[in-house]
Amino acid sequence: MKKRFLHVLLSGLLAGALISGCAAPGTAAGSSSESDDKVIKVAASSVPHAEILAQAKDILAEEGYDLQVTEFSDYVQPNNVVESGEFDANYFQHIPYLESFNEEQGTHLVNAGGIHYEPFGIYPGTKASLSDIADGDVIAIPNDTTNEARALLLLQDNGILTLKDGVGLTATVNDITDNPNNVQFEELEAAQVARVKDEVAYVVLNGNYALEAGFSVGKDSIAYEKADSEAAGIYVNVIAVKEGNENSDKIKALVDVLKSDAIVKYINDTYDGAVIPFTAGSADASEPVAAAIDKEAFDALIAAGAVADDAEIEANSWAKAVKDAGVLRVGGTRTSFLFSQLDETDEGLRGFDAGLYQLLTRYILGDESKFELTQVDSSTRESVLQSDQVDAVFATYSITPARAEVISFAGPYYTSRQAVLVKKGNTEVNGIDSLAGKIVATQAGSTGPDILAEFAPEAEIEEFETDQEARTALEQGRVDAYVTDYTLLLNAIVKNPDVYEISGDVFGPEDNYGIGLPLDSDGVEFVNAFLKKVIEDGTWEKLWKISLGDRTGIQTAPASPVIE
């Protein structure tokens, strides 16, 4: 049964905003004669934290531990009682609050493990899908610093806008660098945002306000913060302990149980998406170490790229225009883990596509850093070329006859096929032949709908504007499977190996990725010549190994594409 719960406030708490009210701790259950090593005393907020802990009690008992939970109504005493040693841990706060409390109160508390987060989501106003967005539409967002930034980052992740690199969770509307639909923002106090949902195209809310507005977070959100997003990694609610106790056996046991399949299922079944299990290994790790790119090798490969001579550039009007402008304007993404991912630590963009457009930038301009990236998705890739917002699109862009009528393609530069993605442990779907009668997600504007119509004609197809929307629907159980390009699905698996898996074998025709260029541009000839060079000199294979092979465990590089 779904539960409606009161907001715990911490999902939007500003760093340093300490609440000074007190609640005396209650008497914890259990006898003082029990071994301290087997008693785990936890201070917690009532909802959802104490409720989640209640589900862990019997599981821990089976392991020999006595979990004793005391509920608190304030955000100061739970930290004080852990600092004093009266309690072993607390569960009520996110990392910015924990760090601020330590700084201001002189305490020595540390994060022992991230358990859940309360996501921001994009919800329907007068429009039900992001594909319906039109010029001048209004989106309502919170106006306080933290929540406004989270809203803007979520909109950026879904292709609505582009923010200045590196602004992160300090972003405001003044940091928007690209707003292709001229979206207008109505900035309101967080509690007021939902109240204008009938007057604006979309509203961006956190979980509790979505519930209060009558939205089902699991069913109604168009998109929400993913477990691997920057905001989720920072605002995850954690188990906090006194420094030095984070590696004790009982704290490890507590964290392991709270991250177990049983507790994950309880959270997913109970809170309707307003509370989501945090699946990364730690609260500040946004990508798995095993899949991290070798930044040094990547940067060295790009820096060693070839540079075209002046005569070659002068002979091509597209390349000459780029050279004269002093910048290559690229349509791409910052969020494709294997192909083009922004690294917030150094503002670098790395991955297979990122490597190719940086090599092309170097080839034309002699400096791989002289590119500007505009975020695109499947609904905007043609339009940014047609409106001269970009010079080229590198975005795992399948070459199709329909697209080739409105833009031109260089390449192919990569070849893939289709695959079926399901939630980890799904036994009801076994590849493409098992999709009859199933609800199957795919991306609108991609080759997915046509391929599903051919290979799974009895499936119920549901189209989504973005990869994130499709995976959100899969995670929430609104669809049974997600069919798209196999290589793109690898992005999801290497980031979330405990969440997704590929079901069955790859299928369908070869999917050739091309580099989008303006229609009838002579840039096709220039870029194809560049691709032939990087293939012939071994750069293509080296880039594949650094960006994909070493990170996915695939040992053998695929055959390089044939450029005509």
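Biologist: In which loop is His108 found?

Modeller: The model is predicted, with residues numbered from 1 along each chain as its sequence is written, and local features need pLDDT of at least 70. Side-chain atom pairs count only at pLDDT 80 or more, whereas totals for chains, interfaces and linings use all residues; side-chain values use heavy atoms, without hydrogens and water. Helices (H or I, at least four residues) and strands (E, at least two) are DSSP runs numbered from the N terminus. His108 is found in the loop between helix H3 (95-105) and strand E4 (109-117).

Biologist: Is His108 buried, partly exposed or exposed?

Modeller: Buried means under 20% relative accessible area and exposed over 50%, with partly exposed in between (1.4 Å probe, protein chains only). The relative accessible area of His108 is 40%, so this residue is partly exposed.

Biologist: Which residues does His108 contact, leaving aside its neighbours within four places in sequence?

Modeller: Contact means heavy atoms within 4.5 Å. With those neighbours left aside, His108 is in contact with Glu83, Asn102, Val241, Lys242 and Glu243.

Biologist: How far apart in space are Val327 and Asp367, C-alpha to C-alpha?

Modeller: In sequence, Val327 and Asp367 are 40 residues apart. Their C-alpha atoms are separated in space by 9.5 Å.
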